[in-house]
Amino acid sequence: MIYKVSYVVSGGRHPGAIMNEYERPQLGDRVEIGDKVFEVTEVLEMTPPRGDFQYLHVTVRLVDENENP
């Protein structure tokens, strides 16, 4: 399955990104966007899956550099 993921950053201090992922993001996952690390806080389906493809809206928060994974 290919997931077209719209990453939206809480607080709006980062523009986020749209990326293709081969694994569905899960709550608590960490993702790198540019040179920053974010934690997934919400995952919403934007459309039902079609074949091997699905659109997702994912909200993330910036991870403090001192925070343990």
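What follows is a short tour, from the whole chain down to a handful of residues.

Keep in mind that this is a predicted model.

**The chain as a whole**

- Along the principal axes, the C-alpha atoms fill a box of roughly 40 × 20 × 20 Å.
- Of the 69 residues in the chain, 26% are buried.
- Take the contacts between residues at least 6 apart in sequence: 37% of them join residues at least 24 apart.

**Around Y7**

- You'll find Y7 in strand β1, which covers residues 2–9.
- Y7 has a relative accessible area of 4%, and because the cut-off for buried is under 20%, Y7 counts as buried.
- Leaving out residues up to four places away in sequence, Y7 touches G16, A17, M19, E21, P25, V31, I33, V58 and V60.
- One of those partners, E21, also makes a polar contact with Y7, side chain to side chain, at 2.9 Å.
- Y7 and Q54 sit 47 residues apart in sequence, and their C-alpha atoms are 14 Å apart in space.

**A17, a partner of Y7**

- A17 belongs to strand β2.
- Not counting residues up to four places away in sequence, A17 touches V5, S6, Y7 and I33.
- From A17 to E42 is 25 residues along the chain, and 15 Å between their C-alpha atoms.

**Around T59**

- T59 is in strand β5, which spans residues 53–62.
- Its relative accessibility is 12%, so T59 counts as buried.
- The side chain of T59 has a polar contact of 2.9 Å with the side chain of E42.
- Another polar contact, of 3.4 Å, links the side chains of T59 and H57.
- Setting aside neighbours within four places in sequence, T59 is in contact with V8, S10, E39, V40, T41 and E42.

- E39 lies in strand β4, residues 36–45.
- With 18% relative accessibility, E39 counts as buried too.
- The side chain of E39 makes a polar contact of 2.6 Å with the side chain of R61.

**L27, out in a loop**

- L27 is in the loop between β2 (17–21) and β3 (30–33).
- Is L27 buried or exposed? At a relative accessible area of 61%, L27 is exposed.
- Even so, L27 touches V40, T41, E42 and V43, not counting residues up to four places away in sequence.
- V40, T41 and E42 turn up among the contacts of T59 as well.
- L27 and T59 are 32 residues apart along the chain, and their C-alpha atoms are separated by 9.5 Å.

Methods
Residues are numbered from 1 along each chain as its sequence is written. This is a predicted model: local features need pLDDT of at least 70, side-chain atom pairs count only at pLDDT 80 or more; totals for chains, interfaces and linings use all residues. Side-chain values use heavy atoms; hydrogens and water are left out. Buried means under 20% relative accessible area, exposed over 50%, partly exposed in between (1.4 Å probe, protein chains only). Contact means heavy atoms within 4.5 Å. Helices (H or I, at least four residues) and strands (E, at least two) are DSSP runs, numbered from the N terminus. A polar contact is a pair of N or O atoms within 3.5 Å; within protein, one must be able to donate a hydrogen and the other to accept it, and residues adjacent in sequence count only if both atoms are side-chain atoms.
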